[in-house]
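Kindly read each point with the structure at hand.

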Amino acid sequence: MSQRGKELASTFSPAEIEAPLYEKWISAGYFTADANSKKEAFTIVLPPPNVTGVLHIGHALDQTLQDCLARIKRMKGYEVLWLPGMDHAGIATQNVVEKQLAAQGMSRHDLGREEFVKKVWQWKAESGGAILGQMRRMGDSVDWSRERFTMDEGMSNSVLALFKKMYDAELIYRAERIINWCPRCLTALSDIEVEHQDDAGEFVQVRYGDGEQSIVVATTRAETMMGDGAVAVHPDDPRYKHMIGTEVLLPLVNRMIPIIADELVDPDFGTGAVKVTAAHDPNDFEMALRHNVPFVVIMNEHGIMEGSGTEFDGMDRFDARVAVVAKLKELGRIVAEKRPYIHAVGHCSRCDTTVEPRLSKQWFVKVAPLAKASADAVRSGAVKIEPVELAPRYFDWVDNMHDWCISRQLWWGHRIPVWYGPNGEMVVVGPGESAPAGYVQDADVLDTWFSSGQWAFSTFGWPEKTADLAKFYPTSVLVTGYDILFFWVVRMMMMSTFAMDGVPPFKTIMLHGLVRDQFGKKMSKSRGNVVDPLEFMDKYGADALRFTLARGANPGTDQALAEEWIGGSRNFATKLWNATRFAMMNGATVEGPMPDVSKLNAIDKWILSRLTETIRDADSLFEKFEFAKASELIYHFAWDDLCDWYLELSKESFATGNAADSQRVLGHVLDQLMRLLHPLMPFITEELWVSLTGGESLVIAQWPEAILSYLDNAAENLVTQMQAVITEVRRFRNDQGVKATAKIPGRLATNGELAKYSSAMGFVLKLEAKEFTPTASFEIGSVKCELDLSGTVDVAAERARLTKDLATVQKDQQTAQVKLGNEGFMAKAPLEVVTEIKERLVKTQAEIERITAALAALPSA
RNA sequence: GGGUGCUUAGCUCAGUGGUAGAGCGUCUCGUUUACACCGAGAAUGUCGGGGGUUCGAAACCCUCAGCGCCCA
């Protein structure tokens with residue numbers, strides 16, 4: 001049943017229309033992609049949010065932009081797939097469930113691995129994925145029939161297959177290395193799971209050895225000295241050159257250790273001599289390998305001192321630091337101390353515990369060849385980064401990447417598909433394979449990014465050769481914040497390019513910024529400036545939130561967000577609502593063919609010309625991912641051109657009837673405007689468009705096309721003149737204290753085309769057409785305006801206004817004269833610029849004459 | 001320490017060589033049958049400082065100052 005002509009409520013209430021419209025779209029199946037379609041594919045995979053997550057303002061931005069692209073392409077006739085899903089978020093999710101257990105006084109070990117993992121699945125079924133429901137409120141046009149989870153069967157299969165493929169290609173290996181270790185989560189972390197903060201530590205200088213055979217080392221980690229295997233200096237350091245190769249006494253444990261020379265030591269740092277603690281520092285580890293320094297482990301997995309054979313065993317690492325320094329002081333070995341000493345310290349990104357470098361056996365991905373392929377894909381132009389200014393950051397990262405530690409000592413995640421035999425054999429078990437009897441599987445699981453890094457192809461069924469994979473890979477564009485360029489994007493690039501035989505996962509990487517508070521400060525819980533997108537949607541509607549975010553989305557840059565701005569977008573929605581309501585009350589229609597443009601009045605011609613320009617420019621801005629500029633453009637067309645000028649200038653003809661052509665034109669303009677706005681504000685545009693046109697849905701409507709034959713310079717010039725006249729008269733009325741509502745006798749005398757519109761202008765200006773004796777008269781361009789102010793002209797106000805205007809114009813005139821009198825300018829400036837200045841000079845002269853005459857005509861009150 | 005941005009109206013930001021812009025805020029007037037979530041009008045800027053290139057610089061170059069982010 002057609003909904004056309006359904007009367008619109010006088011106020012727009014988003015809450016009433018949003019949910020039903022989303023239901024309508026879903027039940028119509030508009031978002032379900034067809035792998036067998038003959039249309040060209042346009043694919044986006046949603047960066048999968050954590051299963052533990054709720055929708056935050058950053059998601060809202062990310063999804064607004066993706067939805068906008070998806071909807072545009074759908075309207076342009078592409079087979080659009082926007083694939084949603086979630087990430088199992090290993091540590092985060094395990095932490096959530098462990099906390100629940102802890103509340104019952106239990107740990108995961110009380111349950112055992114199998115039971116615990118069951119418990120996590122149970123948690124996921126009951127409370128996971130809240131964000132998916134929240135995405136529906138945003139209006140996201142995702143294909144729910146293809147929803148994926150990184151732990152589901154298909155994706156697990158992909159993980160097994162890729163692990164094996166990478167292992168066979170010798171891109172995965174197991175080794176004993178110094179890794180980042182979280183003593184609270186009890187697992188290894190990759191570099192990107194470590195956050196560096198400036199912490200207040202201490203910097204002490206400790207004398208090793210005695211007398212001639214002594215050296216002072218500087219350290220922030222005195223507690224690890226029991227694990228020292230050497231002291232290192234720079235090979236060219238004159239202070240220590242003579243000592244290289246000799247030994248000094250390590251205090252507290254009374255062990256002799258060698259002094260070695262290594263380029264890595266910075267002679268300007270501290271004393272220029274550093275302790276080498278091979279098992280507890282990544283740099284020291286590197287040096288130790290080069291110089292055969294022994295690895296002495298003096299701390300356990302909980303960060304408790306263990307194995308040093310000293311009184312400090314059993315102490316927490318931080319307590320031990322204090323105790324060790326106190327003891328050294330007692331022994332007279334502290335040469336200098338600096339406290340607090342501010343330096344960067346790594347923290348676990350999940351629980352904030354200070355990370356401990358730890359020697360341990362882990363699985364690694366050899367990234368060099370993968371990173372190179374990823375870098376090449378961008379360098380060759382196969383993958384574009386938008387905005388291009390962010391590409392150097394990408395290269396900086398991929399060109400200097402360390403091997404990636406992928407094993408985690410967790411239970412929630414993809415278990416490493418490696419099995420060990422009784423005699424140290426090792427097999428990697430791929431999909432559908434099984435390990436020989438008696439083999440035991442590796443206890444660890446894989447880093448979550450190992451599976452989410454496969455998101456661009458595992459979601460389509462890889463390694464099977466599926467129809468989806470053939471149709472939708474590689475994806476068209478990846479939309480994400482620049483903050484996860486190094487985390488997820490680089491991993492996607494590496495793993496996809498390898499798995500898919502050199503075909504990178506996306507054609508374009510479109511990076512947006514972060515949403516910050518209204519003062520441009522980062523949102524954080526501690527600052528208390530975090531905003532909730534759901535609250536905003538309740539209050540202002542999803543369209544208002546989306547439009548605000550899109551309008552702030554300049555490529556690659558952060559945006560500030562204030563609640564009032566969302567209110568402003570809500571006002572815009574209301575404006576659209578009322579304008580459409582007014583238009584329909586006045587007979588706006590899309591029935592029948594468009595009238596012959598040449599027969600239209602200039603106002604109609606003008607709005608069609610402006611519409612064409614708006615469609616053309618907005619479309620090109622959208623194609624360039626310039627969401628902010630496109631939004632701004634459409635906003636001003638709708639509010640300024642359409643509402644403030646077109647509707648006002650057309651009121652006379654609507655009031656007097658005989659406006660069939662204008663009704664059709666207005667119907668067309670609104671129809672096209674709603675299409676253009678639909679990707680940004682899907683709900684209200686759908687409601688209004690269906691009401692106006694009786695069409696089925698904007699989701700499947702055609703994207704507006706700029707009809708270039710509508711471009712009309714003459715009409716634009718004419719309306720610009722009308723606007724100037726109206727603005728000038730309004731200003732005069734205002735200065736004279738005439739109420740905006742008051743009708744006053746007046747007439748606009750002019751000739752030529754403009755004369756046809758003096759009654760339309762008079763209508764807007766509330767001029768009464770009757771016989772009168774003018775008490776005020778002035779000229780605006782070719783238009784002479786005469787008004788009857790009933791004798792009460794405020795001469796002083798008018799004189800002040802005219803004097804001010806005169807000063808402005810005289811300044812303009814002077815600027816133009818100076819330029820034209822400048823030989824250099826005349827000789828070197830382009831002709832069109834010179835012409836423009838000459839025209840400006842003529843205009844200013846005319847203005848000056850006009851204003852001077854007006855001033856002279858004023859009574860000398 | 002290395003890299004990389006930024007500094008334009010009260011606030012947040014557009015503006016890559018030709019008369020300084022937007023949104024919000026501010027001031028004045030206004031309940032006109034689309035809209036007070038509105039309309040009309042107005043005010044507001046040595047474009048961070050200094051130097052240079054150019055006929056012409058907010059824009060290009062140098063320099064200083066301040067702020068931010070990423071990496072170590």
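**Helix packing and cysteines**

1. Helix H17 passes helix H18 in a right-handed crossing; a crossing is right-handed if the near helix is turned clockwise from the far one by less than a right angle, and left-handed if anticlockwise. The axes of H17 (residues 542-551) and H18 come within 8 Å and cross at roughly 115°. In H17, Ala544, Leu545, Phe547 and Thr548 meet Trp565, Ile566, Ser569, Arg570 and Phe572 of H18, where contact means heavy atoms within 4.5 Å.

2. The model is predicted: local features need pLDDT of at least 70, side-chain atom pairs count only at pLDDT 80 or more, and totals for chains, interfaces and linings use all residues. Residues are numbered from 1 along each chain as its sequence is written, and side-chain values use heavy atoms, with hydrogens and water left out.

3. H18 (residues 563-585) also packs with H20 (residues 627-655), their axes coming within 11 Å and crossing at roughly 30°. The two helices are therefore roughly parallel (angles under 35 degrees). Their crossing is left-handed. Among the contacting residues are Phe572 and Leu576 of H18 and Trp639 and Leu647 of H20.

4. How many disulfides are there? The count is zero, a disulfide being a pair of cysteine sulfur atoms within 2.5 Å. The sulfur of Cys348 has its closest cysteine sulfur in Cys351, at 3.7 Å, which is too far for a bond.

5. Cys348 is buried at 2% relative accessibility, and Cys68 is buried too, at 1% relative accessible area. Buried means under 20% relative accessible area (1.4 Å probe, protein chains only).

Notes:
Chains are lettered from A and ligands numbered from 1 in the order in which they are written. Axes are lines fitted to C-alpha atoms, for helices over the stretch in contact, and angles run from 0 to 180 degrees between N-to-C directions. Helices (H or I, at least four residues) and strands (E, at least two) are DSSP runs, numbered from the N terminus. Angles under 35 degrees count as roughly parallel, over 145 as roughly antiparallel, 65 to 115 as roughly perpendicular and the rest as oblique. Buried means under 20% relative accessible area, exposed over 50%, partly exposed in between (1.4 Å probe, protein chains only).
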